[in-house]
Amino acid sequence: MSRILWGAWAAGFGLLLSGVEVCAAQTQTETHFGNLTGKAAAGKQEYRRYCVGCHGPAGDGNGENAQWIDPKPRDFTAAVFKCRSTPTGTLPTDEDLYHSVSRGFVTTNMPPWVPLTRQARVNLVAYIKTFSPKWQAQGPGTPITVPPETPATPESILHGRELFQKMECWKCHGPAGHGDGPSASTLTDSKDRPIPPYNFASGSRFKCGETNPDLYRIFMTGLDGTPMPSFADQLQPADAWDLVHFLRTLQPLPTPEAAVWHAWLPTHAGQLKPIGPPEGQ
Amino acid sequence: MRTNLVSCLALSAAATAAIGAVSRPATNPGTITGHVTFTGTPPKMRPIDMAKEPSCAKQHSTPIMTESVVTGPGNALGNVVVYISAGDQSAGAPTQAVRYDQKGCEYIPHVAVLQVGQPLEIYNDDQTSHNIHPLAKVNSEWNKSQPPGAPPIKATYDKPEFIAVKCNVHPWMHGNFAVLTTPHHALTGQDGTFALEGLSPGKYTVTAWHERFGTQTQEVTVEGGKPATADFVMKATPY
Amino acid sequence: MIDWPVTRRSGYRWARRSALILGGGLCAALVPSVAAMTPAHGHESAAAILTGDRDRTGYEAYVVARGGVLPVSTRSALAAHKAAGIPAFARKYGLPCSACHTAWPELNAFGQRFRDNGYQLGNDRDSPIWVNPSYIPFAVRTTPQWRLERTTHQPVDAVPGDPASGTVERTITQSGFDISGADLLMLGTLYKDITFGFVPTVEDGEGVGIEAAFVRFDNLFRSPWANLKFGKFEMDNMLSEKRSLMLSSNGTFYQSYHFVPVGDGTDFGLGDNQIGAEWLGHSANSYTRFSLAVLGGTDGVPGLPSGKTYDGAVTLSQAFDAGRLGLQRVGAYAYAGRRPTVFETTGGEPIGGTGTDNRSFYRVGVVGDFFIGNFELLPLFMHGSDDKDLAGGSQDPTWNSGLLELHYYISPQLILTQRSEIIRMSQQALPATSENLGNIDAFTFGYRWYPIMFSRAGLAFLGELSFTKTIGTVPLSGAGVGLDPLSPDTAVKSTSVLLALDFDF
């Protein structure tokens, strides 16, 4: 009787385990984006053709050429990604990875892989996910909600400026966003390599996109693996849009926010308190 | 028949360990005490220049020293996490939160010891923003900003790991989270002593971890009522 | 680690098989024949005499006009200098060769876009100031080889050494170790959106030539649709001869690109680098591409040797994302030009640059680049016509040609290639000429194996077998004696075997 009990228990548990394993294998080798299904096996062929030189055959960012390039290529085995729509500490969605591959990363050696077919890129995303067991263990996070953008009025930009001061963005990014804040020179990424903060005055695209919603996501999810934290716990969505509008005025680009700001500035510049350390310091 | 039932129950217990089971109270609890010292030359601790953060600098009449190696009289080694790494029957996370403060631009305590699933509360007691960036590799790595006056940041970790913590804005700030599975742990002070209490009789593996000098283990047997000791001698290197 | 050993093992397997195929093909090619004796056709055309470059008819006419005997050299009379994979780019950007090349030197979609964008990745890291100061935009390609050339029906002296003994037709076989010339590839950016290219070629016995020398202004008005190139460069042919995967005498060029009817002195090759200006436009991912070019009428020969004519070229192509199959591309091209027929002379010698009385010619066609997984198909169709006065006839000769090239990518480091090509005259210049004079059938089989593929240098083992059958005239490669067979009805067969080490650093 007890032998049967033992047997039944062990069998049930074994069945449970194998079921979990099959499901995990399924999610590990396939990925979905739009109406496309990416397969890791096909992605491995593409990876070998396009990606090994930098990311390495083991996906750890130690490709043949990695020693000569800066910033270093992504280490997929760590499963820490900069450009996500999901909260800090969680994995990006398949769509986030697809966009990263397609867009590339400006001011790095990661090119925009748009000439590859969509299927090839989706296959690559599926393969990249095989480099870390975290994809199987926890899966992607839940994307944050980006509410509709508020109008870019001088009040919004002014409030954004106050937030830039209060959240102490200037400590790294500098009072004018030139990437020359007091802490900028000592910043290191999670692998203890020096890393500069974004310089708004360069006008280059952000690493994680170029639109206002992209900018919103950058500081509301943080850039994992870098010093850039998430401000999701500290900023309400309306505050976040105000900050987006102000940040746009720091860039030398013909954005609507810059136009509004530069029209308002000549008559109101005197009211502005300088950004930087509080008085008395 | 009875032994079969016991083995069946043991199997069930093992299978459902992840869900969490009630820890069995220790009967006739014993204690492992000990002393952690070092041999060799430890690195010199250096004073921290907080000129870039005047609001913190003025909280320290003299500059504080770096804390990666804290020593005491008689070559005692502080900030060593000593814990039971094998033989511990208890499981389950306590609900008591562990507090981690950022005060005067340093982490207090330097090492926060907590259990898997135990809540961690991180406070910013300073006039400046900090970003709290635990560099987990097994657990998830996250990075959050915490301005002055913000509510505490709450976190838990679900896998055991020793996690380095840093603040990117203030590069001199270094701390650690020691996430353990066992409730039997201790952190040595400057005198290097520790006591692991509430242990039922049995054989245990005790592990001592230091952030610079590595890990050592010892086998210790606890007999009912009698105290057991385990001393550790870490090899210090200047760099 | 990556499955390197698998590649090597499969590479050895295929190398053995290829050797067997080559051996078999070689045996099959041993078909000597003797044709009736008739005088060789002459190709006198003033323009052809002046070009003096690698054009088949021009070279022959030049030699004949000087009363010389054509050297029995099997050096390919046509431009065999190639573009290449450029390890300098791989070194600059840290990408493997296979990122830009299906198999270097052939470009894939990503490499095409890189090239279209002015050899820039577009990540604000392209300007030379971002490059390591010890980096030089310099790459060299050369190909030591063993080869064999066999051509049937070649007119030779009946008794060797005795020009009075009469002419007979024999099969000429030449083989041995050889070296190709070297291409020095210097291409890169001078500044953001200003590209340069300079490709001198060095060939033993022929000195240094300039294959390409150009400057390109990219992304004018910040638009990928406006790019302007000036200098000497390869035209924007979708099927690029300079980036061919085949290197044997008979296999390295597209017959269609260089064909002119027998007796026709038009010096033009669609695969030759031309001098002029080109406006190129492409979409952001280069799926849509077009080019318009105005070129000098000298087939890329500098020094104003010909007349004052200008040629025009248009190319268009569109690529489609076919999901699992891969990227498919279709294109069309048209080239129209004029060549002079009359020159001023001094002492009987034509003066370069003074050509007048221009007559026109054109080439039009469609081309495709299709992928079925790892299998690539490259079909091309062409229709060509030259003016009767350029051809020395009473009516405009016209012809049609078609080719199908197949590549099978066993892996990024092992490729099998095959090409089949036919050219059929539809109207001869002289009504009395037989219908099939000048028709060509050409077949090539080959493999390329890249045992190593690092970003620093490239190496390919290449094996190739190619056959051509030309009716009544010397093969386009100039193999054999370089003279037409004695009878215009003779089918001249030429075989090339090539075993080469193609390296690139």
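Student: What makes S7(B) and strand S13 of chain B paired strands, and in which sense do they run, parallel or antiparallel?

Tutor: In this predicted model, S7(B) and S13(B), residues 174-180, share five bridges in the parallel sense. Pairing requires at least two bridges, so a count of five qualifies.

Student: Where does S7(B) stand in the order of its sheet?

Tutor: The order in chain B is S7-S13-S12-S9-S10, an open sheet of five strands with mixed pairing.

Student: Why are S7 and S10 of chain B called edge strands?

Tutor: Strand S7 (111-115) and strand S10 (144-146) of chain B each have a single partner strand, so one side of each lacks a neighbour in the sheet. From one strand to the next, the twist averages 25°.

Student: Why is the pair B:Lys144 and A:Asp233 called a salt bridge?

Tutor: The closest N and O atoms of B:Lys144 and A:Asp233 are 3.4 Å apart. The rule asks for a Lys or Arg side-chain nitrogen within 4 Å of an Asp or Glu carboxyl oxygen, so this pair meets it.

Student: How many salt bridges and polar contacts does the rule find across the interface of chain A and chain B?

Tutor: The rule finds three salt bridges there. It also finds 23 residue pairs in polar contact, with both residues at pLDDT 80 or more. On the side of chain A that touches chain B, helix H1 (residues 2-29) of chain A gives the most, with four residues. That side divides by class into 11 nonpolar, 14 polar and eight charged residues.

Student: How many residues are in contact between chain A and chain B, and what area do the two chains bury?

Tutor: The contact involves 33 residues of chain A and 33 residues of chain B. Chain A and chain B bury about 2,700 Å² between them, with 52% of it on carbon and sulfur atoms.

Methods: Residues numbered from 1 in each chain as written. Chains lettered and ligands numbered in written order. Predicted model: local features only at pLDDT ≥ 70, side-chain atom pairs only at ≥ 80, totals over all residues. Heavy atoms only, no water. Axes fitted to C-alpha atoms, helices over the stretch in contact; angles between N-to-C directions. Contact = heavy atoms within 4.5 Å. Buried area = accessible area lost by both parts, 1.4 Å probe. Polar contact = N/O pair within 3.5 Å; in protein donor to acceptor, adjacent residues only side chain to side chain. Nonpolar A, V, L, I, M, F, W, Y, C, P; charged D, E, K, R; others polar.
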